[in-house]
Amino acid sequence: MSRNEYIPFLSRIQKVIRHTKIEYTFRMTYKGEVKPGQFFEVSIPKYGEAPISVSGIGEDYVDLTIRKVGVVTNEIFENQEGQSLYMRGPYGNGFDPADYRGKELIVVAGGTGVSPVKGIIDYFGNHPEEVKALHVIAGFKSPKDILFREDIARWENQMELIVTVDASDEPGYRTGLVTKYIPDLQVSDIKSAAGIVVGPPVMMKFAAAELLKKGMSEEQIWISQERKMCCGLGKCGHCRMGSTYICLDGPVFNYTAGKALID
Amino acid sequence: MGRLLNEKAADALMERLQEQYDVFAPRLFPGTGCYSDTDVVRYGQISSLSEIVWDKKSEYSFKETLLPISDTVFYFTEDEVKVPDAPRKRRLIFLRSCELCALKRLDGIYLKNGFADSYYERIREQADFVWMCCEESFASCFCASMGTNRPEQYEAFARFTDGKLYLEAEKGLLKELLEECGQDGFGEEASLNAVYPEENQEKIEIPESLPEDMASHELWKEYAGRCIGCGRCNFVCPTCTCFTMQDIFYKDNPKAGERRRVWASCQVDGYSDIAGGISFRKNQGERMRFKVLHKISDFKKRFGYTMCVGCGRCEDVCPEYISYLACIRKVNQAAKEARTNEQK
């Protein structure tokens, strides 16, 4: 008999990092193999389950950055350090550092789209010798929506980092969409570089278009898709696009395959 | 060789069957149809073989014998989860050829698409199947076009002819029980062939390949105005397998409850909604396209065989009289036009 994949395990909350009023990172106890961009189904009995992507990886923990926008996530926010949540996973393919090693890497991420790719930014930030150069453009709606401020402070010294907000009443912030900053990136050899684009569907489309305009080919770009998932196991059907199951075949896709997916 | 059973002999067999099996078959549920004072034929447990409905197509498919409409995944209390026990008895399921073919589609999703699903697997391993031969085709069936008018494989088959039940089993428990019935003098030895409709009134052609822009073809627009998104087509379909997770808690003890998976429909609002108010197919035309292309093309790309088995139930059940067959014909026409344009 196959293992019952639906049964969650209890995981203790090690730390809660508050980014904005509605976005916290929960540092969850977890020992095991996990890749950036993979996801866990996080649940609280009575309220249900939600798929949450891994935004950071440590020796005995995974970070899950959660946005308080639904029944399950509202309830998750009621929990504090020392309490526990139910989890199952990790699921999905995730980002493979090997795809980017030795290359000049450009990461373009928007809003909560920074979460799935944050593990990759952290990894190459801490192992700068493994890439030729690392450029990161992170976009948020407004200054109060900026996530991972502590990490951003560290990244400033580790890579070429551009943080931008769509609009700001406060001075001292770059403004404009992420796509605005792609043309000016100084890339030594665009033909051998790699790009990762994660964010809302429209943002991914236009950011990828900018990278293509810059001279990249589709094979050099990776994206990560977010869809409804009730199982994470290729059964519930909600995440299917054509013949592709985002939970099994993704959520990370090379752009050659990713751009052809139709909802 | 098999046995031809009159009612008394069928009862004798059933008595023996029930020691080993819960027996499921299409049967009549009086007064529980869609409209007031109407009956419905669907799959349920039977206590007599005479309950099997032969002369009508069941309105719902056999899938609920393996995948309940609402299935408890686990019970929870404050700090514990418990998986419900598997059904104690094996299941003997009487079903049509198209449905035996649909079984292969359910196996595809539940056993071969990523992890094997332990709930489906444990009930599937406990199930034996008897092919109910269709003496003739029902209205809206198009199994011959789909190649599902006869099963790829079967271990036992049944026919109902001249008021008698004929059963033949190649192997297994049913074969043994039929032999036992013979030794005890129930029924007559006979040898009937398995029959199936060679053709149906409805015939369709599934396009071998679809134009790349099929998803954005204007034919889907029609359904935006016609479909009301009730999801009945999905619920009657023997090959639709989607579900949604649902947590419920007990009123008298709110700290305990169940996580369930319940049937879901890609035609109903909310199916693709994610946090933050994003939904991916808002329009019923897009949802129709999503469903139809899965049935005739997308599933095949992944598993190597077509999903639709041609039972025609979605055709029968639609309250808006949307014809799936007509839709396939339009898709086929569009595919042909695209090929002609290519050659020009």
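## Reading the model step by step

Author: Let's begin with burial in one chain: of the 344 residues of chain B, 41% count as buried. Keep in mind that this is a predicted model.

Reader: What secondary structure does chain B have?

Author: Chain B has twelve strands and ten helices. Its radius of gyration is 22 Å, close to the 20 Å that the globule rule gives for 344 residues, so chain B is as compact as a globular protein of that length. The C-alpha trace of chain B spans about 70 × 60 × 40 Å along its principal axes.

Reader: How many residues of chain A are in contact with chain B?

Author: On the chain A side there are 32 residues, in contact with 36 residues of chain B. The chain A side has twelve nonpolar, ten polar and ten charged residues.

Reader: And how do I think about a core?

Author: The general idea is that nonpolar side chains tend to be buried together in soluble globular proteins. Here, the largest nonpolar core has 119 residues, and Leu64(A), Phe94(B), Val130(B), Trp131(B) and Ala158(B) have the most contacts inside it. Helix H2 (residues 97–112) of chain B gives the largest share of this core, eight residues. There's also a second, separate core of 45 residues, with Ile121(A) and Met203(A) among them.

Reader: Which residues does Val130(B) touch, leaving out those up to four places away in sequence?

Author: With those left out, Val130(B) touches Leu92(B), Phe94(B), Ala156(B), Phe157(B), Ala158(B) and Leu174(B).

Reader: Over to chain A. In what order do the strands of its barrel go?

Author: Follow the pairing from strand to strand: six strands close into a barrel in the order S1-S2-S5-S4-S3-S6, with antiparallel pairing. The twist averages 45° from one strand to the next. Zooming in, strand S3 (residues 39–44) and strand S4 (residues 48–57) of chain A pair over six bridges, and Val42(A) stands opposite Ala50(A) in S4(A). Helix H2 (residues 114–126) of chain A lies across S4 and strand S5 (61–67), at about 20° to S4(A).

Reader: Where are the cis peptide bonds you'd point out?

Author: Look at omega. One joins Gly89(A) and Pro90(A), with omega about 0°, and Pro90(A) is in strand S6 (residues 84–91) of chain A. Another joins Gly250(A) and Pro251(A), with omega about 5°; Pro251(A) lies in the loop between helix H5 (246–249) and strand S15 (252–254) of chain A.

Reader: Last one: Ser140(B) and Asp162(B). Is each buried or exposed?

Author: Ser140(B) is buried, because 20 other C-beta atoms lie within 10 Å. Asp162(B) counts as exposed, with 7 C-beta neighbours inside 10 Å. Check phi too: Ser140(B) has a positive phi of about 70° although it is not a glycine, and phi of Asp162(B) is near 50°.

Definitions and conventions. Residues numbered from 1 in each chain as written. Chains lettered and ligands numbered in written order. Predicted model: local features only at pLDDT ≥ 70, side-chain atom pairs only at ≥ 80, totals over all residues. Helix = DSSP H or I, 4+ residues; strand = E, 2+ residues; numbered from the N terminus. Rg over C-alpha atoms; globule rule 2.2 N^0.38 Å. Buried ≥ 20, exposed ≤ 12 C-beta atoms within 10 Å, placed from the backbone. Contact = placed C-beta atoms within 7 Å. Nonpolar A, V, L, I, M, F, W, Y, C, P; charged D, E, K, R; others polar. Core = buried A, V, L, I, M, F, W, Y, C linked by C-beta atoms within 7 Å. Pairing = 2+ DSSP bridges. Axes fitted to C-alpha atoms, helices over the stretch in contact; angles between N-to-C directions.
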